[in-house]
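Work through the exercises below with the sequence and the structure open. Try each task before reading its solution.

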There are 4 protein chains.
Amino acid sequence: MHIGFLGLGNMGAPMARNLLKAGHQLTVFDLSAAAVSSLVEAGAHSAASPAVLAQADVELIITMLPAAAHVKSVYLGEDGLLAHVRPGVTLIDSSTIDPLSAREVASAARQHGNPMLDAPVSGGTGGAAAGTLTFMVGGDVADFDRTQPILAAMGKNIVHCGDAGNGQVAKVANNMLLGISMIGVAEAMALGVALGMDAKVLAGIINTSSGRCWSSEVYNPFPGVLENVPAARGYSGGFGSDLMLKDLGLASEAAKQVRQPVILGALAQQLYQTFSAQGNGGLDFSAIINLYRKDAEA
Amino acid sequence: MHIGFLGLGNMGAPMARNLLKAGHQLTVFDLSAAAVSSLVEAGAHSAASPAVLAQADVELIITMLPAAAHVKSVYLGEDGLLAHVRPGVTLIDSSTIDPLSAREVASAARQHGNPMLDAPVSGGTGGAAAGTLTFMVGGDVADFDRTQPILAAMGKNIVHCGDAGNGQVAKVANNMLLGISMIGVAEAMALGVALGMDAKVLAGIINTSSGRCWSSEVYNPFPGVLENVPAARGYSGGFGSDLMLKDLGLASEAAKQVRQPVILGALAQQLYQTFSAQGNGGLDFSAIINLYRKDAEA
Amino acid sequence: MHIGFLGLGNMGAPMARNLLKAGHQLTVFDLSAAAVSSLVEAGAHSAASPAVLAQADVELIITMLPAAAHVKSVYLGEDGLLAHVRPGVTLIDSSTIDPLSAREVASAARQHGNPMLDAPVSGGTGGAAAGTLTFMVGGDVADFDRTQPILAAMGKNIVHCGDAGNGQVAKVANNMLLGISMIGVAEAMALGVALGMDAKVLAGIINTSSGRCWSSEVYNPFPGVLENVPAARGYSGGFGSDLMLKDLGLASEAAKQVRQPVILGALAQQLYQTFSAQGNGGLDFSAIINLYRKDAEA
Amino acid sequence: MHIGFLGLGNMGAPMARNLLKAGHQLTVFDLSAAAVSSLVEAGAHSAASPAVLAQADVELIITMLPAAAHVKSVYLGEDGLLAHVRPGVTLIDSSTIDPLSAREVASAARQHGNPMLDAPVSGGTGGAAAGTLTFMVGGDVADFDRTQPILAAMGKNIVHCGDAGNGQVAKVANNMLLGISMIGVAEAMALGVALGMDAKVLAGIINTSSGRCWSSEVYNPFPGVLENVPAARGYSGGFGSDLMLKDLGLASEAAKQVRQPVILGALAQQLYQTFSAQGNGGLDFSAIINLYRKDAEA
């Protein structure tokens, strides 16, 4: 299939490569000439602007952009995709943005005759490279069924979450819970160790008890409990604290829009903001435990 | 074995019954005559006071009391166990109390020549009746090994957590994390539904993603997601909000004693306090989601 | 002076009336025909659109709008003020919006040759009617000096806060502190009374001690402490909880934009959101004490 | 009058000196021989133990001790004051402890025939030396009236707060509000400055607006706003963060005892705990603003 791809950043570039590897024809656009030429070397065509890309003979366009402002501009701007794309072309936005913005863009696309899906991902740059991302997809189920094989070239877990915007809802809700859980695990581990327990023994008990969660079992923030996690390598790699901060900001903003309280969610956002302001935004998000450990070097 | 058992409340009574069923000889004490006579009918002997029980020919004494003040009084009081028990008798306190109080009592017992274990449980009254409790045990490993078969008559998961007090540490750390996770799940589910998602679909996504935890998978607070949980029956039964509030209070108190911050833990305590002050302390602790649901009847 | 006035809501209408009373000539615009005709009866001219108003022979335009989206649309929209106003006309926006949006609009105005001031107010509808508002003004000091006499027709306290946007900064910082203080007073009063103190005695001590603040002295939330405050009349009138919620939302949004933690501020926002979701958004913001009083009827 | 004085620490010693200066006869006790001999040099007699002091011919005994455990031990212990003091001698405890402990001791004193007042102070070591402390006094009004002249030798503001324990209630409620207000001012000032305002201008606006409070007006935490405050001298002197942490701990403990939520109060406690765990417990409590300032050196 001939696919258009906009946004060749840390996530978008490896995703686009996986589409090429799966045999698709690709036309790409990015503001960075270097990012574009790297994809062109791998076999993609390039377009000089979103408008040009929209007018190429693509059947599907995928976008992967930093924030809602970029998404709105690329889709709804005067020289944006909707102003130039042929009706019937399917649009998939894989950016992580707030659900209401996603619905606004999807509604404009629908009016223009373009099926649209929001399909934010989880799995990080590692998952993007390995083609093992999870896609949380909002939109018509028929559009979902039709595009699932294409998304499957970039991810291994493609989940339909309901109508337009619900992919974003699922991501924002899950990641807010993740941020809360991680801080909760950090507090529980730091408290237990401060009270004299061995970290590994404590983690073992939590993981067979009602405190069990992904952050304690798979991604424990206390150094020495697990191998091959960021806590085992000085919190490098992984999912950055500033990315968690961004997602918590989306959650509290979406909550505000629907007048829904998220008390622990908002506090988790502020704790990551505090941690980031202290210069730690580039560390993996499990490093938040250093806020709680007197003996930590941070 | 001849075992002394003090404290025949909602938890202690079924635990004592399971010891009788396992063939042990039991001498019991409780302030409630009704509680005592019910156990006597089941085959136990009764003692008129802790002092009398301590002087009976028991090899092991188990206590199950409401709070640290009772534990200190029963063990350390002028007419308490340590003033009357024969050195060498093993002491097991299954009450849930703060770790420092547990260590204080264990240290006094040791000085008196009595091995002592702290062995708080999880699993609730259902687990106590079914003999499927989890015991988190602190104390010498030899004492742990020796008493494990007796605890196994009351529970199916008997875990050694390290030295004296560490059973309490494990419980307090796990339950603080549980309280945080439950509120986190409540916020995430309420937010997702307020933003237009189906609760069951959202729970399914969370349970295969990084937000996955015991509170989302096994005990989801949103009505209609799971059967056979308190949320499916108006939040009756289960683990009461006031019991969670007590455990969160122990966590923040223990944290204060070792000058350890527990930011989300303290906020979770206050949210359960708010919920309890609104008259909901008797509801299962997953009912905290009603703080967040505009459409909830509570 | 001939002044244009856009936005004749609960605040804007009485402000415009005070300008008429002070002898100014007024041309007004509002989407509500009723609001416009009421001002016309009082002596104002009306304009059919912001564009028409901009083209009238006004020397100064004042806007009083609900949120940043309206302000951006009215000033920056295709048919907005800047597209039609003559360079040199001074623009004053008295809406309460986030500082960065205020600076964006002021910068566009400056480029177009129009001096612009942000001048949000405090004092509520009562202060608007009585002409006793406080204006917090950001922009060039010369523009401030020149327009102060006009603002003085609507308020009694006109403060220069620095460059463009700083009026909004001052308001957002002050009102975030106000929200925190009010909840703090609510907690302290509720705690003291729950512990057995008389509310009036406690307020007296606080007001001569280090806990003293505007919320305890002038606007105490506990019923019976002060007369002529919302707490004395069932929390009617005053500054609505939903307005406080809006201002706390602006504060946390502005904080996010500059990556500044506001931990208590964000929690205050969530508590007002919780209170509002329980149906209390229309009550005065001091009613938040009902979240803390078991004996309160709310 | 012949007065007994127990507890000659940083606060107690200067208070005792002021009683001597006012012409009273003093018999003192402290575990520190150095503290005792310093007072003896100033004219006091010394007693070898609390029991001996109680049996001296004193008409009034004042105690100034670190925490509730010491107060209970000194008054209620086997060799404590109540076991040895003559009925009729008035007892005044100026320690800062939780209200329920204060009431327990006062009730025991009353049963023994001794009028008792709880009279915690504010004003710090500076106020203790200058004799300008504030005394918040709980107990019978007749006892209050009778002892006021004696307290007036040590303080300038002697306030009756109601029945036994209410002195502690007033202090705990006021200081919890103070901790919340200080963090609120810290957040508001840091936010305003991060958004581009001058700190002094912002403080001026807050101090004439609804955010006005003791912490903004008299004790502003932002350096450069006020002279002669800890913020002007690197946060040395003043009221230490660890003392604020202790008082916030008393507040949340007292709240727990009466099942009263204190949401911001508990969060303030955790923020001071975090600040203290980072090594800042010895700094004045206004230094908490360094948690929020990216440019701060701390």
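The exercises cover domains, a sheet and chain interfaces in a predicted model.

In this predicted model, local features need pLDDT of at least 70, side-chain atom pairs count only at pLDDT 80 or more, and totals for chains, interfaces and linings use all residues. Residues are numbered from 1 along each chain as its sequence is written, chains are lettered from A and ligands numbered from 1 in the order in which they are written, and side-chain values use heavy atoms, with hydrogens and water left out.

**Exercise 1. Describe how domain 1 and domain 2 of chain A meet.**

Step 1: find the bounds. Domain 1 of chain A covers 2–164 and domain 2 covers 169–291; such bounds come from an automatic or database domain assignment. Taken over C-alpha atoms, the centres of the two domains are 29 Å apart.

Step 2: count contacts, meaning heavy atoms within 4.5 Å. Here 11 residues of domain 1 of chain A touch 9 residues of domain 2 of chain A.

Step 3: find the buried area, which is the accessible area (1.4 Å probe) that two parts lose on being put together, summed over both. For these two domains of chain A the value is about 900 Å², and carbon and sulfur atoms give 68% of it. On the domain 1 side, A:T96, A:D98 and A:P99 lose the most area to domain 2, together 47% of what that side buries.

**Exercise 2. Give the strand order of the open sheet in chain A, and name its edges.**

Step 1: list the strands, which are DSSP runs of E with at least two residues, numbered from the N terminus. Two strands pair if DSSP finds at least two bridges between them.

Step 2: read the order. The 6 strands of chain A run β3-β2-β1-β4-β5-β6, with parallel pairing. At the edges are β3 (45–46) and β6 (116–118) of chain A, each pairing on one side only.

Step 3: check one pair. In chain A, 3 bridges join β5 (residues 90–93) to β6, and these strands run parallel. A:D93 stands opposite A:D118 in β6(A).

**Exercise 3. Describe the interface of chain B and chain A.**

Step 1: count contacts. Chain B puts 59 residues in contact with 60 residues of chain A.

Step 2: state the area. About 5000 Å² is buried between chain B and chain A, 67% of it on carbon and sulfur atoms.

Step 3: count salt bridges. The rule finds 2 between chain B and chain A. In one salt bridge, the side chains of B:E217 and A:R212 meet at 2.9 Å, N to O.

Step 4: find the main element on chain B. α8(B) gives the most to the side that touches chain A, with 21 residues.

Note on methods:
Salt bridge = Lys/Arg side-chain N within 4 Å of Asp/Glu carboxyl O. Helix = DSSP H or I, 4+ residues; strand = E, 2+ residues; numbered from the N terminus.
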